[in-house]
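Dear colleague,

Please find the structure below.

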Amino acid sequence: MKKFKFPMRYVPISATILVFFVVYLIGIISFDNFGSPKVFLDLFIDNAYLGIAVIGTALVILTGGIDLSVGSIIAFTSILIAKMIESGCNALWAIALALVIGILFGMLQGWLIHCFSLPPFLVTLAGMFFIRGCGFIVSEKSIPIKNDRVFDFIQNNLTVTLGKGLHLRFIVILYIVVLVIAIVFSQRTRAGRSIYAIGDNELAATLMGIPVGRTKILTYTIAGFCSALAGVVYAIYLKAGNPLNCVGLEMDAIAAVVIGGTLLTGGVGYVFGSLFGVLVLGLIQTLIIFDGRINSWWTRIIVGLLVLAFIFMQNLITKISKSKSKSH
Amino acid sequence: MNKFATVIMAAAAATLLVAGCSKSDSSKIKVGFSQVGAESDWRKASTESIKGEAAKRPNIELTFSDAQQKQENQIKAIRNFITKGVDVISFSPVVATGFEDVLKEAKEAGIPVVLFDRAVDVSEPDLYKSLIGSDFVEEGRRAGRWVLDNVGENANVAELVGTVGSAPAIDRKKGFEEIIKDHPGIKIIKSQSGDFTRAKGKEVMESFLKSPEADQINVLFAHNDDMALGAIQAIEEAGKKPGKDIIIISIDGVKSMFQAILDGKANCTVECNPLIGAQLFDVIEKIHAGETVPSYIPSQEGVYDTKNITKEVVDGRMY
Amino acid sequence: MNKTSNKFRHLVWPLVSLALLLLFNALFTKNFFKIEIKKQDSAQAVQALSGTAESPRPGTSWITPENYEAAGDSAEAAANAASENAGAAANAASDAAGQQQAVPEKKDGNGVSIFGYYLYGTPIDILNQGSKVMVLAIGMTLVIATGGIDISVGAVMAIAGAIAALLISMLDAGNCPGASMGPAFYWIIPVAAALVLSSIAGFWNGMLVAGFGIQPMVATLVLMVAGRGVAQLITDGQIITFDNPGLVFLCNGHALFLPFSVWIVVTMYVIAGLLTRKTAFGLFIESVGNNERASRYAGIEARRIKWLTYVICGFCAGVAGLLAASNIKCADSNNAGLNLELDAILATVIGGTSMAGGRFFLSGSLVGAILIQTLTTTMYMKNVSPAIVQVPKAMVVIIVCLLQSPVFRAKVLSVFASKAAKGGVQ
């Protein structure tokens, strides 16, 4: 009889989920009200934009690339939307334009990376500077979004109230929908599988006849779209645009992807894991805010250590599975 | 994969069930405070004032959070304060916009909000009970008036602006320009952002001093003391005498700036008082007791220059 | 001839861009190239030498090259100068004699110059302000040459500045061993501590990358995320100011007409250059960057080489951190070195070093760093908001990278070639 064996590839993601629940339990034991469902719901509300951005980052990292322009695109999108609404444009047009710019920008980055074999780190770094500067050109001040029909509609009609003080906001629903689509895309479509193949071994993927160039450009385009969508969510979340926001968010996104069990060299991991990566980051922050005594810079240190722990674990797993495949 | 999902769902349900079975000490007023960050001496002083005052008062239980200059962190902090069930929320907003939703949530939960240091831009004014703090526009005006009174009708001003897009930078500039508007002799001939930091203040001042207009500059208006202190170094390196060749005015009033004024290297600093811990908790106690408080409480502030700064003042300065 | 042209080919595009930028400034920014020779402020010079803050004597001698070269003479001259005007002859003389080795480092640091003259102007500023990125770029070049990357240098800078400022404040207060050495010497302790600590940070990165085989980007991400938090904890979130003459001198003093920081860069460049071009180390780095496995088979200790480059990079970050702190006479953990890792990487790549590893050009990296700083300074002079500076910066980076990219060149060439062919047919 064959003994049930827990597949090695599920270890990182299970570890992430385990960490999430352990942190959650610590919180519940140590603080009043931490167990309230509102904490759980707030986690989604406050991290929906990050979660959507992380989906794009995760896909890019699966191809073995990297995207540093995430935070800047969010800031640019939010300020662009706010500015257009302020100058009397319909919010839907503003959102559509912002998404199109995000898509085109991602496509441009992917094109530069693929066609001229420039390093992704560099191209997206330049992209990050560029689009952040563009945000400041749109407006140097933060702009509130007030009395807009579309935004009010989203606020009033698209929020599900679950109980007193418990609102399931539109942005949370949107995040979950995007997440499900991304999971299906990465696991069940040809393009999604190609992403894994490229991340695992680009040369082999090319030899197998996978359209490497097209897939890579597509991935960066999706990442651009996700970032822009995150910007839209951010604008809905804050009802404002601010070119200064989300500085350094790309590093949080990468940390979330790593904690979510994706290997930074590409090819290994699940988009689903990014959900828990984001939640763990958010939960640690919540824990430190609830405590209110320890220096909040500890958040950064703990996140750093957590990233380290996950890297070690993955390293170990890679080594074990390699030695296994050799022994077979 | 299916099995996996079920396990997660079950675990999630289990944790949610554990929820809501703890109690808290209700005799204390629980205050949640979200600070902008620790970006300057001034900010640090205000943090210490608040923490120190909270420790002195036995009836206050403070939950303090540092937003590391990120609005996203601040909103998370306020949301968590609501969930935690504090009695009063207080915060010093990173920017003016974007707090409407979370403040509505606080209102819905019946938690009064007291703002400190900066205002927020909201459509319903009852979203916060009171604002304690400084009026940035007024600070800019005071700096402008000081120039008018002490430099006269002819001044070529170089301006070190704060972080582009931030509330103090916008308002202080506005206030200053408002005053000098009617005086054609006073001109801002150079204006550039120094990001509120010493390093950038110095770097930008260096470039001012090498510009063709360098010799005309006789007044420097910096939006905070840190930039001014950086600029003083740049001016000294250029072989000019800060405080004499170039009159230096800034805003905040930190100890090192007082020292610089005492040493004759700077001329004036418009105080923006960070030590409002006592004022803040007085207001919070009143609100908690159900009394009404004014919606704007200016903090006690002055203008300091060579006339009223002595060694004693410098030594007595807390920050 | 071909050989030399090959050697400098990588410098062509960065230099052309730099030249274009300077040309733009020459045409449109007044006074950009105006360099003055400033005299040492005599009062400061006397102070600098005698170590007494009293009684400046207007219009008298600054230190001349001759009397500096003879160190004993200089102390004597100082003693004379001080005693003449201060009246506290005995004190001053003994002070000066006791501190003669610290001659250039004495007092204030501002504009203290060995020769009594120093150059003053925008190009000098560019060199001085760019020194941090240049130092970082030297270390970064070596790391990138092994096929790695170090994104933690900005955070390490903050740590180095924080520890140095903390120690100097403890020494000033007298509650740290070594305080008995007096302020003229004990600044060495914080400097050494900062450099050791940053080298340890580099060692840590190296351990993760070379020791445990973690991808460099993630391995250094750990320190990048956590490092600034550590720096904040070291300084307890405060901005620690200091005025120790030695520490302040690093980025504010002048030597041989130029800011001292420039000489630090030159020294580090020369050492790195000798280390990589006159020993086998450079060859090993390139070979590891090209093909790690092959070099291991060839008997190169690939892991040790990689490890060492991260230590060097950490050390460079420490130096840069000290420069940043020295420049503003305080440690600002929140802002020191913020995003400078990105500038350092850009400088390296603009200078022709391939991010894939295997090829590196230290001189190119320095040119890249100067290019970035020139761009920033130009924007300051033109009153362009620094927030918007990022747009042209990004475009310059992409253009230079495209020009460096062999694929791009080949494509452009083929376009030209096909056009030429068509032209030929017609």
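A crossing of two helices is called left-handed if the near helix is turned anticlockwise from the far one by less than a right angle, and right-handed if it is turned clockwise. Please note that this is a predicted model, in which local features need pLDDT of at least 70 and side-chain atom pairs count only at pLDDT 80 or more, while totals for chains, interfaces and linings use all residues. Residues are numbered from 1 along each chain as its sequence is written, and chains are lettered from A and ligands numbered from 1 in the order in which they are written.

Chain C

Chain C holds 18 helices and six strands; helices (H or I, at least four residues) and strands (E, at least two) are DSSP runs, numbered from the N terminus. Of the 426 residues in chain C, 57% are buried. A residue is buried if 20 or more other C-beta atoms lie within 10 Å of its own, exposed if 12 or fewer do, and partly exposed in between, with C-beta atoms placed from the backbone. Among the contacts in chain C with a separation of 6 or more, 78% join residues 24 or more positions apart; two residues are in contact if their C-beta atoms, placed from the backbone, lie within 7 Å.

The crossing of α7(C) and α8(C) is right-handed. Helix α7 of chain C covers residues 153-173 and helix α8 of chain C covers residues 188-211; their axes come within 8 Å and cross at roughly 150 degrees. This makes α7(C) roughly antiparallel to α8(C). Axes are lines fitted to C-alpha atoms, for helices over the stretch in contact, and angles run from 0 to 180 degrees between N-to-C directions. Angles under 35 degrees count as roughly parallel, over 145 as roughly antiparallel, 65 to 115 as roughly perpendicular and the rest as oblique. Residues that make the contact include C:Ile159 and C:Leu167 of α7(C) and C:Ala194 and C:Leu197 of α8(C). By class, this contact has 15 nonpolar residues, one polar and no charged. Ala, Val, Leu, Ile, Met, Phe, Trp, Tyr, Cys and Pro count as nonpolar, Asp, Glu, Lys and Arg as charged, and the others, Gly among them, as polar.

One residue deserves a separate note. C:Cys401 is found in helix α17 (residues 386-404) of chain C, and it counts as buried because it has 23 C-beta neighbours inside 10 Å. Its C-alpha atom is separated by 6.3 Å from that of C:Ile350, 51 residues away along the chain. Leaving aside neighbours within four places in sequence, C:Cys401 is in contact with A:Leu118, A:Leu122 and C:Val349.

Contacts between chains

The contact of chain A with chain C takes 36 residues from chain A and 35 residues from chain C. On the side of chain A, α5(A) supplies the largest share, twelve residues. That side divides into 26 nonpolar, seven polar and three charged residues.

The contact of chain A with chain B takes 36 residues from chain A and 39 residues from chain B. Here α2(A) gives the most to the side of chain A, with six residues. That side has 17 nonpolar, eleven polar and eight charged residues.

Domains of chain B

Chain B is assigned domain 1 (27-134 + 274-288) and domain 2 (136-272 + 305-316), with bounds that come from an automatic or database domain assignment. Their C-alpha centres lie 30 Å apart.

Yours sincerely
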